[in-house]
Every structure is written in structure tokens, then in C-alpha cells.
There are 2 protein chains.
Amino acid sequence: MNTRILLERRPVGWVDASCFRIEPCPEPACGAEDVVVEAIWLSLDPYLRGRMNEGPSYAPGFAIGAPIVSRVVGRVLASRNARFAEGDFVWGFLDWALRTVVPRGEGLTRIDPALGRPSLAISALGMPGLTAWIGAMEIGRPRPGDTVYVSSAAGAVGQLAGQFARRAGARVVGSAGGPDKVAFVLGRCGFDAAFDYKAQDLDEALREHCPRGIDVYFDNVGGSTLEAALRHANVGARFPLCGMISAYNATSDAGIKGLPLMVSKRIAMTGFIIYDHVHQLPAYQARVAPWLRDGSLHFHEDIVHGLERAPAALIGMMKGEAIGKRLVQVSAV
Amino acid sequence: MNTRILLERRPVGWVDASCFRIEPCPEPACGAEDVVVEAIWLSLDPYLRGRMNEGPSYAPGFAIGAPIVSRVVGRVLASRNARFAEGDFVWGFLDWALRTVVPRGEGLTRIDPALGRPSLAISALGMPGLTAWIGAMEIGRPRPGDTVYVSSAAGAVGQLAGQFARRAGARVVGSAGGPDKVAFVLGRCGFDAAFDYKAQDLDEALREHCPRGIDVYFDNVGGSTLEAALRHANVGARFPLCGMISAYNATSDAGIKGLPLMVSKRIAMTGFIIYDHVHQLPAYQARVAPWLRDGSLHFHEDIVHGLERAPAALIGMMKGEAIGKRLVQVSAV
């Protein structure tokens with residue numbers, strides 16, 4: 001039986017399970033030019049929190065009573081479209097449902113089998129990966145010997161941002177919540193240093209782990225972490241702003257203190273959204289896929305099994321329980 | 001009789017007259033290689049407030065009991081240095097005193113008579129002018145049709161920042177405190193629109209005067225003006241941060257709200273300090289001096305007469321009483 005997940009009500013502050021409804025739904029019918037896709041992996045990303053609000057965020061808000069949509073990797077079950085064949089792996093912005101019809105195959109992309117496992121198309125070789133690259137390399141521009149500090153270092157983007165900067169010769173420091181994440185960042189991702197922001201005072205930790213100051217701060221969180229990075233930044237520091245997850249669930253905005261330091265230290269803060277850079281994806285994939293194949297770049301997917309567990313997996317991710325890129329696997333590969 | 005002005009005590013919050021001491025002092029003696037300069041104009045700049053604090057700001061703090069120092073244009077009274085002749089106009093970071101000796105002439109620059117009136121070396125053709133150029137043109141990068149919003153538009157830097165952006169084809173909007181300044185910005189400086197931030201709600205004013213949003217915000221003030229500019233910014237806006245005068249006299253930092261808008265709108269905020277760009281001064285002067293000569297660029301100097309009035313003139317400037325670039329004229333040209 002087909003199943004889908006709808007937005008039941010808009011969250012105020014933190015998302016909880018009552019915001020979602022799971023219900024049976026009809027099997028998709030494949031009209032002329034259409035493609036029916038069986039979902040395999042749903043991508044859970046922090047930006048989805050913004051789409052659950054009323055107004056537009058990065059993307060239009062979800063309608064109440066309509067399916068949640070995110071990047072999904074699936075397999076073509078049936079196709080009446082010349083661009084797709086049964087059995088192809090594809091990705092697109094699809095409903096959270098076991099099976100969906102994609103009218104005329106619009107927005108669907110066939111995944112090149114040469115990339116490796118198909119989930120990479122929505123993880124290390126998709127938007128999270130490109131986000132890490134643009135932020136760390138194009139906006140951060142690390143030079144050999146620079147100190148690069150990455151918050152949410154054990155997250156989908158952070159794990160790569162740090163590794164990219166390290167390949168460029170920087171000394172990379174990450175922060176994450178809890179000892180397991182810190183061990184992951186140090187061990188699997190090979191950062192030069194990492195600390196648990198829940199266990200150590202931020203100023204103390206940055207003094208200890210960034211003794212020569214911060215040249216690039218890859219901001220995934222905003223709030224007091226951004227303020228601390230301003231205090232420890234060097235002259236000429238670059239701050240790519242990737243998304244201030246600390247603000248996503250906040251109902252009020254406390255403000256960021258210390259902005260006059262941007263003048264005295266000539267700091268450049270640059271917000272970016274990956275939609276502006278999608279044309280760079282093929283070049284990014286060509287560069288990074290070999291590093292994943294040869295094992296010199298590590299990427300961890302945190303897989304939760306079962307469509308019905310997607311709401312809890314999203315809520316948990318927003319609260320920081322995932323290590324690496326969280327995907328929900330809804331059917332076997 | 002020679003006279004000088006010392007820092008008597010450090011201000012807490014707003015500067016007041018008790019921070020300064022005016023006292024007679026010895027006439028300078030001209031040793032071998034030295035230059036004695038008669039001050040004509042003292043430059044009053046907001047960054048001086050930072051130098052009155054204990055710690056380093058842009059530049060080292062003034063010592064208590066030592067003379068206040070700022071950019072000064074003067075005339076060589078006596079020279080035992082081959083690089084300077086009696087009667088030369090020069091500028092340098094000099095004591096606030098009627099006459100000063102500059103040991104070995106170090107840090108002193110002869111002013112090219114071709115630039116026009118000598119005061120321009122510390123105003124439109126000096127650091128305030130270069131500051132406006134770097135911020136408005138190199139960081140702001142206005143395109144024809146862009147909306148450029150300049151706060152402190154009637155200030156030393158703001159008046160030029162807007163005119164430079166307008167020459168580049170932008171629509172230029174300024175804010176200033178009070179109807180006289182607004183009239184100056186509209187009339188003499190030729191901005192497309194201007195408003196009195198003391199008389200109109202900021203959001204209302206920006207909706208009215210920037211109906212197509214803000215592409216470049218030249219920030220001279222920080223605080224609630226910066227917050228409003230974030231709300232009215234367009235996607236891809238550039239915010240050169242020149243100095244947050246609202247914070248200079250503040251004893252606490254309220255924080256800037258709305259920074260998550262930097263991500264959703266892909267805003268780049270870039271702090272800068274003109275010391276990093278002094279090598280660009282000759283090229284800047286060569287470009288801009290003809291515009292001042294042919295009258296196509298307007299620059300207003302707000303001249304206060306008398307060394308003894310320098311403290312009050314600085315305090316008044318910090319409180320916003322000056323129109324244009326404030327100089328204290330301490331002797332006749």
C-alpha cells in the first residue's frame with residue numbers, strides 16, 4: 001500500500017510529531033510522458049524547517065495538508081518518458097511517499113552510475129557537498145597555514161567543509177555537540193582539532209584550539225558561536241554564512257553582538273544559498289568523486305530506516321542527534 | 001604662545017570637555033633633519049573616539065597626559081630637512097598644537113599644489129575621500145540602476161560615497177539627522193532622495209525611498225539602521241561597513257538582529273579600514289581631483305575656528321552637529 005507524509009500544522013518554535021500526518025494514499029498512475037518513481041532515500045536538511053513556516057524562506061512554504069517535499073533518490077518503476085528507463089536511479093524534489101508519479105519527468109535527474117552509490121547524488125556529490133565546497137573554498141578561500149573553524153563540524157556540510165579546507169593546506173578546527181561527534185570529526189574526518197561546545201566554554205575552546213586566531217569561520221549555526229568567532233577572528237577573516245540553524249527554531253532573534261569587530265578586523269561575512277551555484281555541480285562532481293572513490297575524502301551518511309520514521313528523524317536532526325548526512329531509507333536499493 | 005591639547009581622562013560613554021586639557025607649551029626647537037610645522041587644519045574623525053579608549057582600536061590608544069593626535073595640514077615654518085622647504089604645505093599625524101616639531105620629518109607628506117586647496121589632502125582627496133571610494137565602489141560595486149543607500153549621508157565620507165555611486169549610474173538615497181542635512185544631501189550633493197532619520201520611521205522611509213529595495217548599503221552607523229537595511233536589502237546586496245558610529249560611544253552592545261537575512265538574501269557585509277588601502281591614494285587623487293576642479297563633484301568642509309574649540313568641535317561632531325567634513329582651523333592659510 002502506498003503511503004505519504006503531509007504537513008498537518010505549522011510548527012511554532014521546535015517542530016514536533018503533531019506537525020505531520022502519515023496516511024495511505026493511492027498508487028500513482030503513469031500518464032503519457034510521466035515517470036513513476038519508487039523512493040529509496042529521502043534527504044533531511046535544515047532548510048526544510050523554513051519551508052514549514054507560513055512565508056517564503058529559501059523556497060516557498062509547504063501548504064498545510066500537502067505532502068512534505070525534499071530531495072529524494074529513487075528508482076524508476078515505470079516510465080512513459082524517453083529520457084528515463086525502468087530501473088534508472090534518479091533524483092528530484094519529490095513528495096515524501098513510497099511511490100510518486102513525476103508528470104512528464106519534470107525536475108527529475110538521472111544519476112550517472114559512475115558517481116558511485118546513488119545516495120551520493122543528494123549527499124556528498126549533491127547539494128550538501130557543493131554547499132561545503134562553495135562556502136569553504138570559494139567564499140572562505142583558505143590559504144596554506146590558515147586556521148579554519150567549522151561549526152556543526154559533524155554535520156552533512158561541516159564534515160566536508162573541514163576536509164576541503166584541510167586539502168587546501170589549512171589547519172582545521174571543528175566544534176560539535178557531544179563526544180561521539182567530536183570523535184567522528186577527529187577520527188574519520190581527520191580535522192586537526194575538535195571540541196564539544198556543550199562541554200567547554202567557547203572562548204576557552206577557541207583560545208586553546210585556534211591559538212593563532214581564526215582566518216575562516218564556516219558558520220552553520222549563528223548565535224553565540226558566531227559571536228565567539230568574531231572575537232577570535234584575525235584581521236581579514238572570511239565568514240561564509242551557510243545557515244544559522246540556531247535561529248531556525250527560535251521564536252525571537254537575540255541579535256548578534258560584536259559586529260563592530262567586523263570593521264576593526266576587516267571581516268567579510270557572506271551569506272550564500274546553494275541554488276545560486278547549481279551550474280557548478282558537474283565540475284564539483286568531477287573534482288570530488290575521485291576523492292570519494294580513492295578514500296581520501298570521508299563522508300558519513302546517517303541512515304534511518306522506514307518512511308514512518310521520517311518526521312522523528314527530521315526532528316532529531318534539528319536537535320542535533322545525527323552524525324553526518326541524515327537520510328531516511330524507505331525501500332531497499 | 002604655543003598651545004596644545006592633551007587627553008586628560010578617558011571617556012566612559014560620551015566624550016565631554018573634561019576629557020581634554022588645553023595648556024600652554026614650549027615653542028618647538030628644530031634639531032638636525034627636523035621640520036617645524038605650523039598647524040592650519042586639524043581633521044576631526046569618528047575613529048578618534050576609539051583612540052581615547054584604553055585598548056587598541058584601529059590605532060593605538062592615546063596615553064593620558066599626552067597630546068591628542070590626528071591628521072593635520074600645516075605649513076613648514078622651519079626645516080633642516082632636505083625634503084621640506086619653508087612655506088611648503090604638508091600633512092601628517094601631528095599633535096593638536098599650534099606649532100610642532102616633526103623629528104626628521106618622519107610621516108610628513110608634502111602636499112602637491114596641483115591638488116587644489118591644501119585642506120583637501122585630509123578631506124576629499126585624503127583618507128575620508130579614499131574611504132568613500134573603496135567602500136562605495138570597490139566593496140559596493142554599484143551597477144547602473146542599483147539602489148545605493150548611504151547613512152550619515154551628510155558626513156565627510158557619506159557625501160562622497162553617494163556621489164561616487166551616482167556617477168556609476170546608481171540611484172542614491174541618503175539618510176541624515178535633521179532637515180538642514182537632508183537639504184544639503186539633496187541640494188549640494190545631488191542624491192536622488194534623502195530623509196531625516198530623526199523625523200521618519202526607518203522602515204517607512206526605506207519603503208518610500210527605496211521602492212525597489214537596497215542593492216548597496218554603505219554603513220556608517222550600525223545599530224538599528226543596519227538592521228533596517230537588512231530588512232530592505234535585495235538578494236545579492238553588498239554592505240560595506242565603514243564604521244559603526246552608533247557603537248563608538250555605547251557602553252553596551254545591543255547586538256544586530258536579522259543576521260539570518262544575510263543567508264536568505266545572500267548578503268555580503270565587508271568591514272574595511274582605509275589604512276589597508278593607502279597605496280591606492282595616488283590613483284584615487286588622480287581620478288577625483290579633476291572632478292573637484294570641474295565642479296562635478298561637491299565636497300563640503302565644516303570649519304570651526306580656533307584650537308581651543310577643537311574639543312567641543314569633536315564632541316559636537318560625534319553628536320551629529322557637523323555637515324560635511326569637520327576641520328578645525330587653528331591658523332590663517
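Residues are numbered from 1 along each chain as its sequence is written, and chains are lettered from A, with ligands numbered from 1, in the order in which they are written. As the model is predicted, local features need pLDDT of at least 70 and side-chain atom pairs count only at pLDDT 80 or more, while totals for chains, interfaces and linings use all residues.

**The sheet**

Helices (H or I, at least four residues) and strands (E, at least two) are DSSP runs, numbered from the N terminus. Two strands pair if DSSP finds at least two bridges between them.

| Strands | Sense | Bridges |
|---|---|---|
| S8(A) and S11(A) | parallel | three |
| S11(A) and S12(A) | parallel | two |
| S13(A) and S13(B) | antiparallel | three |
| S12(B) and S13(B) | parallel | four |

Within these pairings, Val216(A) of S11(A) is the bridge partner of Val148(A), and Arg238(A) in S12(A) is the bridge partner of Val216(A). In chain B, Leu241(B) has Gly271(B) in S13(B) as its bridge partner.

Strand S11 (residues 214-218) of chain A is largely enclosed by the rest of the structure, because five of its five residues are buried. A residue is buried if 20 or more other C-beta atoms, placed from the backbone, lie within 10 Å of its own, exposed if 12 or fewer, and partly exposed in between. S11(A), helix H6 (residues 223-232) of chain A and S12(A) form a right-handed β-α-β unit; right-handed denotes a path from the first strand over the helix to the second that runs clockwise when the strands point away from the viewer.

**Where the chains meet**

The contact takes 28 residues from chain B and 28 residues from chain A, two residues being in contact if their C-beta atoms, placed from the backbone, lie within 7 Å. On the side of chain B that touches chain A, helix H8 (260-264) and strand S13 (268-271) of chain B are the elements that give two or more residues. By class, that side has 15 nonpolar, eight polar and five charged residues. Ala, Val, Leu, Ile, Met, Phe, Trp, Tyr, Cys and Pro count as nonpolar, Asp, Glu, Lys and Arg as charged, and the others, Gly among them, as polar.

Helix H2 (residues 127-139) of chain A is largely enclosed by the rest of the structure, since eleven of its 13 residues are buried. Among them are Trp133(A), Ile134(A) and Ile139(A). Just after H2(A), Arg141(A) takes a positive phi of about 45 degrees.

Gly320(A) lies in the loop between helix H10 (310-318) and strand S15 (325-329) of chain A. Gly320(A) counts as partly exposed, with 17 C-beta neighbours inside 10 Å. Its C-alpha atom is separated by 8.8 Å from that of Ser152(A), 168 residues apart along the chain.
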